[in-house]
Each structure stands twice: as C-alpha cells, then as structure tokens.
Amino acid sequence: MISRVGPWRAAGYLVTGVLVGVPLLVGLLVLGVVGAALTPVLVGLPLLALLALTGVPMGAVERWRLRLMDPARVPDPHRTPDEPGLTAWARLRFGEPVTWRELAYAVLLACVLWPLDLLVLAGALGVPGAMLGAPVQLAVSGGDTRIAKLWLIDSYGQAFLCAAGGLVLLLVLLWPLALYARARAALARLFLAAREPEQRLAEVTKSRARLVAAFEAERRRIERDLHDGAQQRLVALSMKLGLARLDAPPELAERLTAAHEEADQVLGELRELIHGIHPQVLADYGLGDAIADAADRSAVPVEVDVRLPRFAESVEAAAYFAVREALANVGRHSGAGRAWISGRYGEGRGGEGLLRIEVRDDGRGGADPLAGSGLTGLADRLAVLDGTLTVDSPPGGPTVLCMEIPC
C-alpha cells in the first residue's frame, strides 16, 4: 500500500518517471526496429530476446523509484538461479510470470505513462509556475507578454494579479497531483511487486531447499562420525581380540574366537549401515556408478543402462535412494525374475534440465501407489525436489516406475 507523501515527493516521482520513460521509449523503438529487420538472420533473435528482457532492469529501476512514494523497499520478486551462468539466468527469467509483467509495464511506461505524467506536471506545476513568473516575463519582454500562451499581460498590475492567481492555483492543484502520483505508484507496484501467492511459493521453495541441504549435511555428518568413530573402534577391538586369542589357553581361546567373529559381524553390519547412509561410490563417482553398485547388490538380477552427468548432491541422493527403494520393492513384492534400469538426462517440457530414471521388472504387477505402500514414500522423496513418480503396473505385469527430477 502506498503511503501518504508530500506533494513535492509526488512531483519528484513524476519528474523521474518522465526522465526514465523518454530513453526507455527510444531504446524499445531501436531494439524493436533492428530486431524485426534482422529476424531472418540469427543476429535478430538475440535482439528480440533482449527486447523481451528489457523489463527486468526497468523493473529494478522502478522498484527503486517507488521509494519516493513509500519508504518501504519493494523486494525483488525474481528467484535466484540454481546454477551459475547467463543461460541458466535467462532460462529462469523467461519462465517467471513477473518477467512478462515487467515487460508489459515497460511498454506501458514508454508509450502511455510518461506522456501522462508530463501532461499532469504541465497542468499542475507548469501553468501555475508560468503565472507566478508573470512579473518577470513582463519585465524581460519590455512591453507585453502572453502567459502560458493563454493570457496577454501588458501591465504590472495584471502581472501581479496573475502571479497571485498562480499561487492559489498551485496550492489547489498540489493535492490532485499527489493523488495522481499515489495512483501511479500503486499501478507500478501492481505490476512489479511479488504477488502474495508467488511470494509464499518462493519462500516455501527456498525453505524446502534449505531443509534438503541441511538433511544431506546431517546425514553426511552421521556417516563421517560412524566411519571415523565407531567403525575404527570396532576394528581396533577386533584386532585386540584376534591377538588375545593367539596367546590364550584353549578354553578361553574358543570364547575369544566367538567374540572375534561377533565383532567382525557387527563391523560388517556397521559398514553396510554407513554405505546405506551415503555410499562412497555416490560421492566419488556419481549417480550412474552408484546405481550400478545398487543393482549389483539387488536380490533380483538387474540390467543397467544409465548414462548421466554429475548433479547436485541433493538430486543425486534423492535419485539414488529412490532407485534403491524401488529395487527393494522389486525384490520383496513383485515376484520378478529380472529388472531393468535406464537413466537419461535431457530437456523437459519447459526447457529445463530433466533427470529421468525408469525401473522396470517382469513381476506380477498390481502395484498401487495409493494403497499406502512404499511407493508413497518414494513419491514423497522425489516431491521434495519437485520431482514426480509415475507408476504403470497392470495386474500380471510388467511394472514400470518412471522417476523425473527437474535439474
């Protein structure tokens, strides 16, 4: 909401609107004409793209100018790209609704708003100002003068009477000027500020990303503590039991052997637990090799056809554990003799990068994600990263799980 401000701040807002609008109109005309002329040529496409993004810097300038009418800063509604580089920035900006609202506002400012601002300023300040300067104009002309091209003044009495009328008119018109400036600023805020649902969605998205990152960091910390702490102590204990067994009498050696085997078994279980928390192959070699490793550990023979680049840690972890859970479901519930995993990275419908992994088996089918099975948890794991799970499992099989995660 625009606060009540003095008429002079309102006038400053309108004056700067004219100063911004004139070069903006010239720039849009140049970009539009040159881009349209070069459209058949590849050079014209970047120019037209630049024209479409003109509203982004203009929106930043206008949000800054709004502080003349309201001291409260208008936050930038644009999201921060997840990846560095101009391509990622442009892809994100073209997909945001606020970018197109900013472009619409830039066109409106260049073609309509600044001429309207100039007209209001001329009526509210220009005419009263010219009337106030009537004595000076008469003195400079040396004879008679025409005030604002409207009234002929040929005496100082008329000139001072005109100046007094100009002062009264100025005081009268300052209030409508401030009202117009407030309406003008409210229109700008409507186009340029983040709308409440968008702002809440952006906050939820950022907080969810922070939670995912914090969860991954905590999981890695637990893995590191187990690896460097409990596992090392168990290794030391196993070695001490082995050495003690060598020098112990036969009756005690038999018990030490049993304790040694138990310690080795616990150590193996702990290693499996650490591997399950965050496998080293995933951290060192990436998602493709980690999926191949999970397939080797599967109870059902699995054929793997995965060609993937490296991704962010959160994406790799979510995809890996989703595949592991899918393989566990295949082994426990499907009755399948074989399974297949394929994975590709390509372009989604919206032009963003998309990781797509498919897990297929030749089991009995009939898997229902709405029946409260493990598929619900798998879908929830992917949903944290805006991913989706599609299940195709008719009775009699086969079952196909398709996991998609935007990257």
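Visitor: In which sense do S3 and strand S4 (residues 339-347) pair, and over how many bridges?
Guide: S3 and S4 pair in the parallel sense, over five bridges. Strands are DSSP runs of E with at least two residues, helices are runs of H or I with at least four, and both are numbered from the N terminus. Two strands count as paired if DSSP finds at least two bridges between them.

Visitor: What kind of model is this?
Guide: It is a predicted model, in which local features need pLDDT of at least 70 and side-chain atom pairs count only at pLDDT 80 or more, while totals for chains, interfaces and linings use all residues. Residues are numbered from 1 along each chain as its sequence is written, and side-chain values use heavy atoms, with hydrogens and water left out.

Visitor: Which residue of S4 stands opposite Val302?
Guide: Ala339 in S4 stands opposite Val302.

Visitor: And what is the strand order of the sheet?
Guide: The sheet is open, has five strands in the order S3-S4-S5-S7-S6, and shows mixed pairing. Strand S3 (302-306) and strand S6 (388-392) are the edge strands, each pairing on one side only. On average, neighbouring strands are turned by 15° against each other, direction ignored.

Visitor: Which strands does H11 touch?
Guide: Helix H11 (residues 287-296) packs on the sheet and touches S3, S4 and strand S5 (353-361). Its direction makes about 175° with that of S3. Contact means heavy atoms within 4.5 Å; angles run from 0 to 180 degrees between N-to-C directions, with axes fitted to C-alpha atoms, for helices over the stretch in contact.

Visitor: Where does H12 lie?
Guide: Helix H12 (residues 313-334) lies across S3, S4, S5 and strand S7 (399-406), and runs at about 15° to S5.

Visitor: Back to H11: why is it called largely enclosed?
Guide: Seven of its 10 residues are buried, so H11 is largely enclosed by the rest of the structure. Among the buried residues are Leu287, Ile291 and Asp293. Buried means under 20% relative accessible area, exposed over 50%, and partly exposed in between (1.4 Å probe, protein chains only).

Visitor: How much of the whole chain is buried?
Guide: Of the 407 residues of the protein chain, 39% count as buried. Its secondary structure comes to 13 helices and seven strands. Among contacts between residues at least 6 apart in sequence, 69% join residues at least 24 apart.
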